[in-house]
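Dear colleague,

Please find the structure below, together with its sequence. My notes on what was found in it follow.

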Amino acid sequence: MVHKEFGDIFKRFIQIPILKNTYAEHFYSAFQFLPGHALERNSNHLILRYKVPQEIMNMNGSVHGGALATILDCATTIAILRGDRNLSRTVSIELGLSFISPAKLNDSLIVHAVCQKVGKNVAYSICDIYEESGMKLVTTGRHIKAVLPGTFFDSDFKKIS
């Protein structure tokens with residue numbers, strides 16, 4: 001079951017207080033949710049836009065691979081949230097990426113994340129990141145996450161120790 005009013009869940013998720021002052025806070029807050037985009041084949045697909053800032057550039061003038069990994073991690077987390085009727089908390093088990101072509105400063109990236117399956121203990125997702133103007137593939141990857149008790153919106157959400 002996918003949430004019909006996912007836009008509201010998305011807005012609520014990116015403002016969770018526990019994200020404040022984390023490395024991923026910038027990425028979540030910079031994502032623009034694009035419902036109805038041509039890449040959105042069905043409701044388990046998530047389309048986001050992200051504009052590349054100077055802060056994530058490497059010394060070669062392209063987006064740092066670690067930043068692309070974080071974009072993929074954040075986007076697949078939201079896609080899993082979209083596909084999980086329980087809005088479960090999750091934590092990464094495996095993250096794998098291939099870097100296909102560079103992204104540059106001020107590029108608009110289209111992030112296409114798909115929740116493949118959410119089981120009782122494990123969730124699976126994939127993601128492609130494109131440079132928007134030419135729809136050139138920048139990065140592709142997969143993300144496997146453990147499903148934890150509770151939801152992202154529990155008031156007693158605590159960091160994993």
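Is F13 buried or exposed, and at what relative accessibility? F13 counts as buried because its relative accessibility is 3%; buried means under 20% relative accessible area, exposed over 50%, and partly exposed in between, with a 1.4 Å probe and protein chains only.

Two remarks on the basis of these notes are in order. This is a predicted model, in which local features need pLDDT of at least 70 and side-chain atom pairs count only at pLDDT 80 or more, while totals for chains, interfaces and linings use all residues. Residues are numbered from 1 along each chain as its sequence is written, and side-chain values use heavy atoms, with hydrogens and water left out.

Aromatic pairs

The count of aromatic pairs comes to eight, where rings of Phe, Tyr and Trp (its six-membered ring) pair if their centres lie within 6.5 Å, and planes under 30 degrees apart count as stacked, over 60 as edge-to-face and the rest as tilted. One of them joins F13 and Y28 edge-to-face, at 5.3 Å centre to centre and 80° between the planes. This pair links distant parts of the chain, 15 residues apart: F13 lies in helix α1 (residues 6–13) and Y28 in helix α2 (residues 25–30). Helices (H or I, at least four residues) and strands (E, at least two) are DSSP runs, numbered from the N terminus. Y28 is buried, with a relative accessible area of 5%.

The pair of Y23 and F27 is tilted, because the ring centres are 5.7 Å apart and the planes stand at 55°. Y23 is exposed at a relative accessible area of 57%, whereas F27 is buried at 1% relative accessibility. Ring pairs link F13, Y23, F27, Y28, F31, Y50 and F152 into a cluster.

A charge over a ring is also present: the charged end of R12 sits over the ring of F153, 3.8 Å from its centre. The criterion is NZ of Lys or CZ of Arg within 6 Å of the ring centre and within 35 degrees of the ring normal.

Salt bridges

Side chains of opposite charge can pair when their charged atoms come close. The count of salt bridges is three, each defined by a side-chain nitrogen of Lys or Arg within 4 Å of a carboxyl oxygen of Asp or Glu.

- K20 and E25 meet at 3.3 Å, N to O; K20 is exposed at 54% relative accessibility, and E25 is partly exposed at 24%.
- E132 and R49 meet at 2.8 Å, N to O. The pair spans 83 residues, from R49 in strand β2 (residues 45–51) to E132 in the loop between β5 and β6 (136–151). E132 is partly exposed at 24% relative accessibility, as is R49 at 23%.
- R142 and E94 have their closest N and O atoms 2.5 Å apart. R142 in strand β6 and E94 in strand β3 (residues 88–99) are 48 residues apart. R142 is partly exposed at 39% relative accessibility, and E94 is partly exposed at 33%.

The surroundings of Y130

Y130 belongs to strand β5 (residues 122–131) and is buried, with a relative accessible area of 16%. Leaving aside residues up to four places away in sequence, Y130 touches L39, S108, L109, I110, H112, M135, K136, L137 and V138, contact meaning heavy atoms within 4.5 Å. Y130 and A103 are 27 residues apart in sequence, with a C-alpha to C-alpha distance of 8.6 Å.

With kind regards
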